[in-house]
Amino acid sequence: MAAISTLVLNPSYDCNELVNHHCSSLFVSQKSFSPLTVKRRNHRFQKASGGRSVIPVSASYSFDVVVIGAGIIGLSIARRFLLHSDLSVAVVDASVPCSGATGAGQGYLWMVHKTPGNDVWDLSIRSQKLWQMWADDIQDQGIDPLKVLGWKKTGSLLIGRTTKESDELKKRVQQLSAAGIRAEYLSYGDLHWEEPELAVGTEGSAAFSPDDCQLDAHRTVAFIEEGNRLFASHGRYTEFYHDPAVCFLRSSRKGNVEGVKTKKNSLYGKKAIVVAAGCWTGLLMRELLGESDIIVDVPVQPRKGFLLVLEKFNSLKLNHGLMEADYVNHENFVSASDAFDHDQSLSISMTATIDASGNLLIGSSRQLAGFNIELNKQIVDRIWEHAAQFFPALKELSLASFREQRKVRIGLRPYMPDGKPVIGPIPGMPNVFLATGHEGGGLSMALGTAEMVADMVLEQPLKVDHKPFAVEGRCCR
Ligand SMILES: Cc1cc2nc3c(=O)[nH]c(=O)nc-3n(C[C@H](O)[C@H](O)[C@H](O)COP(=O)(O)OP(=O)(O)OC[C@H]3O[C@@H](n4cnc5c(N)ncnc54)[C@H](O)[C@@H]3O)c2cc1C
């Protein structure tokens, strides 16, 4: 795939001038792009230095579906359309996949910490089933899902340390079992048998779900991209990375949305435009809509998280994926004052697992700290010290050696204040769909979300009730 260097455009360049459609922003293109296939509608050319080759400085392409955002949600949506329809798809990203929350994800595809009957339950169940079906399918093709997805059926342990937590875990196991999930309550002795290196005291216990799995976000994303790119040669798939969406292309100033103007290109989406830009979706929608008479206010916020990675760490052996019971409270709860006080909004809950490469992953923090992704060493130390309360083996490593060895993944989870994603068409713009707000569960809910979006666009019966995720009433007046 040859990369085409894009020449710098005239800074006063106006998208209206090129596409003769309406768009509110001016833009300048300075980076390179590498479209895999193109169906050009309209383009300009400029001579490269030396005058030999002719290079499009900006172009207009037409697809059936344009997906904005190449995180796990956007890429899974593209994959769904490619595999289950004959539509052509473009994926646009301001950067590259894994540059957002997806790249920091621990990879748990878990049901044990979810609550039967709540709004995300059915979507999570469906999604987990789709992941399992895909892993089985890969296996049937003679490929190891561990290799391509980082897939491990570790089972999950939700761990309590107090009598109160143990009582809650017993109830949780009953609820999960009643909802058809294999789950077992492990008292201290049984838990010690399963995880000898875990030290939670004799009041400790766990809810164990043997069918819960994990994946490696980076391997999975690479595998999805590889699969999507197989459709490029059929003219059905194109990627536009390092090319942020800037505004909608509309038939008239306030008319139908026909496509998306990116920094470098005009991308028409004949059937649908899907905005799956994670925590940036709220800001982006305002930018895309410009002076529209339709007000869309997606209240998604960035919830920053650190995940520690200790490569090939042999001093701790784990048999399952682990999470402390308090995680459930931290995931769901943000008080009104937390939203204004970054320090107060900080919570840390222990998660620990060994990934497909043999690395120890330890999580994680949650904090409403705006869009910054700076490393905060104090928070990193606190995550480590907190984990060491569960695993005495970690105390044998001095803080200084830990600081030398550890890597930190940082991501901004797309947090919706009502605790559930927003998935569906925008009222008044039936061909524009939102898919974001999965917070700490975007990897696990990705395939179910993708199926839901594709079924909506293709007007097929939905497998899961979409009403809890509707845009109306949550993002629109
Ligand atoms: C520490 C941590 C641990 C986690 N662990 C788990 C876990 O174990 N299990 C689980 O299910 N989930 C987990 N998550 C949550 C999960 O990672 C997220 O829910 C998920 O990655 C969200 O995916 P997304 O595609 O919506 O967003 P993102 O991955 O953030 O992708 C959004 C994309 O939109 C792009 N974008 C932004 N603006 C524009 C624009 N103007 N034009 C074009 N593109 C744009 C960005 O560049 C980005 O690539 C974890 C998250 C963190 C931070």
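Reader: Where is Glu 439, and why is this residue called buried?
Author: This is a predicted model, and in it Glu 439 sits in the loop between β19 (429-436) and α13. There are 24 other C-beta atoms within 10 Å of Glu 439. Buried calls for 20 or more, so with 24 Glu 439 counts as buried.

Reader: Why is Arg 229 called partly exposed?
Author: Arg 229 has 16 other C-beta atoms within 10 Å. Since 16 falls in between, Arg 229 is partly exposed. The residue belongs to helix α7. Its C-alpha is 9.8 Å from that of Leu 82, although 147 residues separate Arg 229 and Leu 82 in sequence.

Reader: How do you know that α2 and α7 meet, and which residues are involved?
Author: From residue contacts. Ile 72, Leu 75, Ser 76, Ala 78, Arg 79 and Leu 82 in α2 meet a set in α7 that includes Ala 217, Val 221 and Ile 224.

Reader: What describes the way two helices pack?
Author: The angle between their axes and the distance between the axes. For α2 and α7, the axes come within 10 Å and cross at roughly 35°. The crossing is left-handed.

Reader: Back to burial: what makes Gly 363 buried?
Author: Gly 363 has 26 other C-beta atoms within 10 Å, and the cut-off is 20 or more, so Gly 363 is buried. Gly 363 is part of strand β16. Beyond its neighbours within four places in sequence, its contacts are Gln 106, Leu 307, Thr 351 and Ile 383. The C-alpha of Ser 349, 14 residues away along the chain, is 6.9 Å from that of Gly 363.

Reader: Why do you say the ligand lies between two domains?
Author: Because domain 1 (15-103 + 218-299 + 419-469) and domain 2 (301-415) both contribute residues to the shell around the ligand. Elements giving at least two shell residues each include α2 (72-84), β16 (360-366) and α13 (442-457).

Reader: Which residues come nearest to the ligand, and how is the shell made up by class?
Author: Of the 42 residues around the ligand, the nearest are Gly 71, Gly 100, Gly 278, Gly 411 and Gly 442. The shell has 18 nonpolar, 21 polar and three charged residues.

Reader: And the whole protein: how many helices and strands are there, and what share of residues is buried?
Author: The protein has 13 helices and 19 strands. Of its 477 residues, 48% count as buried.

Methods
Residues are numbered from 1 along each chain as its sequence is written. This is a predicted model: local features need pLDDT of at least 70, side-chain atom pairs count only at pLDDT 80 or more; totals for chains, interfaces and linings use all residues. A residue is near a molecule or strand if its C-beta atom, placed from the backbone, lies within 6 Å of it. Helices (H or I, at least four residues) and strands (E, at least two) are DSSP runs, numbered from the N terminus. Ala, Val, Leu, Ile, Met, Phe, Trp, Tyr, Cys and Pro count as nonpolar, Asp, Glu, Lys and Arg as charged, and the others, Gly among them, as polar. Domain bounds come from an automatic or database domain assignment. Axes are lines fitted to C-alpha atoms, for helices over the stretch in contact, and angles run from 0 to 180 degrees between N-to-C directions. A crossing is left-handed if the near helix is turned anticlockwise from the far one by less than a right angle, and right-handed if clockwise. Two residues are in contact if their C-beta atoms, placed from the backbone, lie within 7 Å. A residue is buried if 20 or more other C-beta atoms lie within 10 Å of its own, exposed if 12 or fewer, and partly exposed in between; C-beta atoms are placed from the backbone.
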